[in-house]
Amino acid sequence: MYRFSRVILFIILLWWSAPALFAQFGQNKVQYEDFNWHYLQSKHFDIYFYAGGYDIGEFTANVAETAYVHLKQDFQYELSQRVKIILYNSHNDFQQTNVVDVYLYEGIGGVTELYKNRVVLPYEGNFSQLRHVIHHELVHAVMNDMLYGGSVQSLISGQVVPVPTWFSEGLAEYFSLRWDTRTDMIVRDAAISGYLPPIDILNYYLAYQGGASVFRYIAERYGHEKIAELLHKVKGSYRLENAFKAALGIELEELSNDWQKAMRKEYWPDIAHRTEVKSIARAMTDHKKDKNYLNVSPAISPNGDKMVFLSDRDGKQSIYLYDVIESKIIRKLVEGEASVNFEELHWLSPGMSWSPDGRKVSFAAKAGDQDALYIYDTEADKTRQFKFNLDGIFSADWSPLGDKIAFVGNNNGASDIYLYDVAADSITNITNDIFSESYPAWSNDGASIVFVSDRGPFINGAPDNDRFDVSGHDFENTDIYIMNADGSGMRRITTDENRDSEPEFSADGKMLYYVSDRTGIYNIYRYNIETGEDYAITDLLTGAFQLNLDKSGTNMVFTSFSEGGWDIYSLKNPDKTVKVEPEKTVFFKKRAEKSDIYFPSPAAAGTAFTADSLVAALPLDKSNDYSHYVFANMKQPRKKPEQEERKLQEADYKTSDGHYKVRNYRVRFTPDQVDGAVQYDTYWGFQGFTQLAFSDVLGNHKIYLGTNLVFDLRNSYITADYWYLPKRFDFGLHGFHFGNTFILSNREVYRYRFYGIDAIISYPLNKFTRFDASLNQFNVDLENLQSNDPPESVRSILPSLQITHDTAEWGYSGPMDGFRGMLRVTASPKYTSRAPQFFTVQTDLRKYFKLADNYALAFRIHAGGSEGGDPQRFFLGGTSNWLNRDYKGGLRIEDIKDVYFSEFVLPLRGARYYERVGNYFTLINSEFRFPMIPYMELGFPPLRLGNIQGVFFTDAGSAWDSKKPFKGAEDGVLKDIVAGYGIGTRLYFFGFLLKYDMAWQYDLEKSSRPKHYLSFGIDF
């Protein structure tokens, strides 16, 4: 019992030794805007939106209902409960959501969380993309409802085994797209280049495209209806392999082999019929050599001697300057993702251009609360920033006259082309309609702008623009258009039923170059503006994108995908290329047959709606029935409710003139998670801990409750938290009580009662920097349960203030690049006669240097001190979560101040816990992190282990009392300083990062015997 008690107490001791409750590090999710939420309802969905979002809310409702018609057929299943869709007007606003806690990086187009089966997504200026994301996320929502009862509870209770990532994401891609040109390109490249992985490896690579390819193959080989049968088998199975065997009659491994053979058979003939990009153009980057993935958005200078482009070669999206003549990178111009001004460089919708004098570069980036247009002077190394209060800014293109910059701006659900007047510092919307525009490019005389749009035949905007139903329009098709520089005189250039994009004028303005997927692969086309002659000039194996020409038109740069990555290529004299006739891909030939496997049914027409200027101007129904928002049953029913409980009639959600009714949002708490575990122990009997989490639909208000209620309150763990998150300031209240009984060596029974309440306030300045403040009221009682003596008690108030800065880039087991630093001040005033009195200052500085993929150096210095009548004690030595722990002098649990008002300083490997103790400390850590074993498969036990990492480390530090003289070394041997070195491994096992370190303590004279550290948790 004594040993078990020590383990329990030590865990609690480590947990509560730090005086502040806020997170020590971590980047921030900043609520820049104060959203005023409303919602509308369709037959099966509730769509939440705010000012400026009514139009896209209507679009979302119509598209979601259309998608659900197909999903009912695909799944052979109907929703058992309504699905909530939370819609944001931009990706910048989307990043502020509290529905999920993680930061939503560029490239995350939507999320579906399992607690309440909520779909959260942004509008990013493209209706086709939004339709895809809506359908994709609804696949997750329907699958969550079908497999897990619409919540995480069945997963927690072990009722259903979760499906792997390739299964869920691949199915969502296949059901939402069936198949498209870009997916076809990636799978073709993987099959031809030899990196198409077996199915069980898809979780780590090609989960989306590879997973979709597997389901496409199943539909072709066994019939589309077999996918629904497979899903129903998964629902009733505890092993995914059993479901495949039952539905398809073969093992998953056999299916994997058959699928890979089918892909090779389909795509390998393309090698003979098509051209590799390297055979017609010069490669300017090499992602394989540089071991990166993205080299995109090339912009060549007017005289063709320089180029800027985006690349992730340093692990972050950054802008590089390239010498075209010398074929080498000159320098990095802008580092992205490491400062508030360049949080994201829009690599998914890129576009940079040069000023006519070849000195400055224009581009767009996320800058804190909104996007900004930038002008960067490459010679003076200076940047000017311009913000216009738009929801998004993309694809900047500088006029050859130097007076204006054209760019795409998103605002209140509309994507238009704007002109920025450089001299007047003003912007003008020159398209200003409901359709989406992209990729503006100037003619060399500055008189015309060519661009891409989904408007189809509507040259002069939509008829009755305010009531035009975009959801019934063919927004999947994009064409090339030309207009005068002021937006007048628009005319349509291409009229084919495919996607034409990324146009560029020739030097003389008589030709257009653009890319099109009209044969199933994005090739480069040339269009004669005077004669209308239109033909391809390339027949590539994978495709071309993001065209850009110098002023003379003799050098064209573009991007292409091959061998698993993106590179930039240069094509000389594109005007001298000859006409070619690319053959249609197998995918396009089959799609022409209107096969449901390749070509989803067209979207059904939606309902006309009125435009939204301000939500306040719309009729708000204040008598809404919120009955389906009250607290639900803790255990989700497995039986589907009656149809009426989840489906509304049209009169319930539309007005008599066909408008969707708008309703006010109100806070209603429903459970997110209810989890409990029970165990029996010889010493403690039956015990368990129950956790309950509640929140509102938007996640702005969160409540957490926890208890292991045993016997009475004095012996129980009880916690309660409330977090208020919708504003820039985050505020939290935390109440707690912990009761722990233990036996000392004299066999007397003692109990610690630790209880109190904490108030926490956090204010983020931006994504990387924040201030935290807390006021913690602590109460500790130490009782001898075999004595009538009054308990020893401590009552204290601990105010604390901290500033944190974090730009770290994460790797497998910890940060790999960037910086993390914090400064914290904590005080314990004379609150009562039983309160300790101290003032503590600590700093923790960490710097990481990424050497290459998965290789990094990490350095840390952690120092602090405490003064006062009862200064804090710092315990140096050991490592966090040390399972086979060892103490110097035993576990210190007899003094309240050692347990609740002290702090462990970790890691110092080669030493024991309490190796040095004092009210001042310094700790220095350094590590070299590297990959050790990429993949390992064991016969017995049958385990597959991957990404086993290695680390070499050195640790050194000291803790000392200010009242005693400090002696770092004496007679050539370390005294107050403790140092250690060693080697370790890192491995994820069942979701936990297990760490093993072997360390030797070194005193400048000799090394000790090795000490072994088995622990879990991330590296510093």
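Strand β4 (residues 111-113) pairs with β5 in the antiparallel sense over 3 bridges; strands here are DSSP runs of E of at least two residues, helices are runs of H or I of at least four, both numbered from the N terminus, and two strands pair if DSSP finds at least two bridges between them. Before I go on: this is a predicted model, where local features need pLDDT of at least 70 and side-chain atom pairs count only at pLDDT 80 or more, while totals for chains, interfaces and linings use all residues. Residues are numbered from 1 along each chain as its sequence is written, and side-chain values use heavy atoms, with hydrogens and water left out.

Back to the strands. Glu113 has Arg118 in β5 as its bridge partner. The hairpin of β4 and β5 has 4 residues between the strands, and Asn117 there takes a positive phi near 55 degrees. Strand β3 (residues 83-88) pairs with β5 too, in the parallel sense, over 5 bridges, with Ile85 opposite Val119.

Is β5 enclosed or open? Of the 5 residues in β5 (residues 118-122), 5 are buried, so the strand is largely enclosed by the rest of the structure. Buried means under 20% relative accessible area, exposed over 50%, and partly exposed in between, with a 1.4 Å probe and protein chains only. Arg118, Val120 and Pro122 cover one side, Val119 and Leu121 the other.

Next, the cores. A nonpolar core is a set of buried Ala, Val, Leu, Ile, Met, Phe, Trp, Tyr and Cys residues joined through side-chain atoms within 4.5 Å. The largest has 130 residues, and Phe75, Leu138, Phe167 and Phe363 have the most contacts inside it. Helix α4 (residues 127-148) gives the most to this core, with 12 residues. Another core lies apart from it, with 31 residues, including Phe738 and Tyr887. In soluble globular proteins, nonpolar side chains tend to be buried together.

Last, some backbone geometry. Most residues other than glycine have a negative phi, and most peptide bonds are trans. Arg178 has a positive phi, near 60 degrees, and sits in the loop between α6 (165-177) and α7 (181-193). At 5% relative accessibility, Arg178 counts as buried. Tyr439 also has a positive phi, near 50 degrees, but its place is in strand β19 (residues 437-442). Its relative accessibility is 23%, so Tyr439 counts as partly exposed. The peptide bond from Leu906 to Pro907 is cis, with omega near -5 degrees, and Pro907 lies in the loop between β45 (902-905) and β46 (916-918).
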